[in-house]
Amino acid sequence: MVRCIRILAMWSYNLQVTTSVMQYGYRIVEDMISGLSHFMDERGIDKIEDLVGMALPNIVPAEELDRDFKIIPKIDEDKCVGCGRCYVSCYDAAHQAIDWDGETRKPVINDNCVGCHLCLNVCPVLDCILPGEIKFKEGREVHDIEMKHNYL
């Protein structure tokens with residue numbers, strides 16, 4: 001649902017849900033409609049057209065990004081349900097920065113992490129994975145970082 005809202009907010013009237021349908025079945029469409037309706041009601045958004053493009057003012061060109069640091073995600077072991085989505089997505093599509101503890105069925109972030117936060121975006125549990133430790137790259141000046149706190 002969060003991904004659906006992000007796609008709309010980035011200026012798209014269409015989205016594709018092929019993998020979600022394969023994983024959850026066609027009923028996911030009903031869940032998406034319900035979730036989007038609830039999201040819009042909570043925020044006083046009357047129609048999809050009002051949501052489309054809302055995020056555009058927040059886009060920063062790549063050359064303006066501060067690349068002096070990385071923010072290592074923190075996994076809340078109490079909230080983690082052990083689904084493994086973070087592990088699989090990081091292993092297959094990112095930096096192999098999450099190890100899987102087979103005994104506890106819990107993910108563990110390793111030293112390969114570059115702070116891409118793919119794990120945060122695929123986790124189905126709200127606030128299970130959040131930004132954690134800020135690590136400045138070697139030789140870079142330490143400075144204040146403005147952190148995002150709302151991930152919806």
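Predicted model: local features only at pLDDT ≥ 70, side-chain atom pairs only at ≥ 80, totals over all residues.
In which sense do strand 2 and strand 3 pair, and over how many bridges? Strand 3 covers residues 106-109, and its pairing with strand 2 is antiparallel, over four bridges. The two strands form a hairpin, with four residues between them. Within this pairing, tryptophan 100 stands opposite proline 107 of strand 3.

The turn of the hairpin deserves a remark on backbone geometry. Arginine 105, in the loop between strand 2 and strand 3, has a positive phi of about 55° although it is not a glycine. Most residues other than glycine have a negative phi. Arginine 105 is partly exposed, with a relative accessible area of 46%. A positive phi, of about 50°, is also found at glutamine 96, again not a glycine. Glutamine 96 sits in the loop between helix 5 and strand 2, and its relative accessible area of 37% makes it partly exposed.

The secondary structure consists of six helices and four strands, and along the sequence their order is α-α-α-α-β-α-β-β-α-β. The chain has 152 residues, of which 27% are buried. Its accessible surface comes to about 10800 Å², with 51% of that area belonging to carbon and sulfur atoms. As to contacts with a separation of 6 or more, 63% are between residues 24 or more positions apart.

I turn to the aromatic residues. A pair of aromatic rings is described by the distance of the centres and the angle of the planes. How many aromatic pairs does a search of the whole structure find? The search finds three, and I shall describe two of them.

In one of these pairs, the ring centres of phenylalanine 69 and phenylalanine 136 are 5.8 Å apart; the planes meet at 50°, so the pair is tilted. Phenylalanine 69 belongs to strand 1 (residues 69-75) and phenylalanine 136 to strand 4 (residues 129-136), so that the pair links parts of the chain 67 residues apart. The two residues fall on either side of the 20% cut-off for burial. Phenylalanine 69 is buried, at 18% relative accessible area, whereas phenylalanine 136 is partly exposed, at 22%.

The other pair I wish to describe joins tyrosine 87 and tryptophan 100. Their ring centres lie 5.9 Å apart with the planes at 40°, so this pair is tilted. Tyrosine 87 is in helix 5 (residues 85-93) and tryptophan 100 in strand 2 (residues 98-101), with 13 residues of separation. Tyrosine 87 is partly exposed at 26%, and tryptophan 100 is partly exposed at 28%. Together with Tyr91, these two residues form one aromatic cluster.

Which residues touch the most other members of the largest nonpolar core? In this core of 13 residues, they are Ile75, Cys86, Ile98, Cys119, Cys128 and Ile129. Strand 1, helix 5 and helix 6 (118-122) are the elements that give two or more residues to the core.

Finally, I return to strand 4. Glycine 132 lies in this strand and is partly exposed, with 23% relative accessibility. Apart from neighbours within four places in sequence, glycine 132 is in contact with Ile71, Ile72, Pro73 and Lys74. Proline 73 is 59 residues from glycine 132 in sequence, yet the C-alpha to C-alpha distance between them is 4.8 Å.

Is histidine 117 buried or exposed? With a relative accessible area of 13%, histidine 117 is buried; the residue is located in the loop between strand 3 and helix 6. Not counting residues up to four places away in sequence, histidine 117 touches Ile71, Pro73 and Pro131.

Terms used:
Residues numbered from 1 in each chain as written. Heavy atoms only, no water. Phe/Tyr/Trp six-rings, centres within 6.5 Å; stacked < 30°, edge-to-face > 60°. Buried < 20%, exposed > 50% of the residue type's maximum accessible area, 1.4 Å probe, protein only. Contact = heavy atoms within 4.5 Å. Areas by Shrake-Rupley, 256 points an atom, 1.4 Å probe, with all protein chains shown as cover. Core = buried A, V, L, I, M, F, W, Y, C linked by side-chain atoms within 4.5 Å. Pairing = 2+ DSSP bridges.
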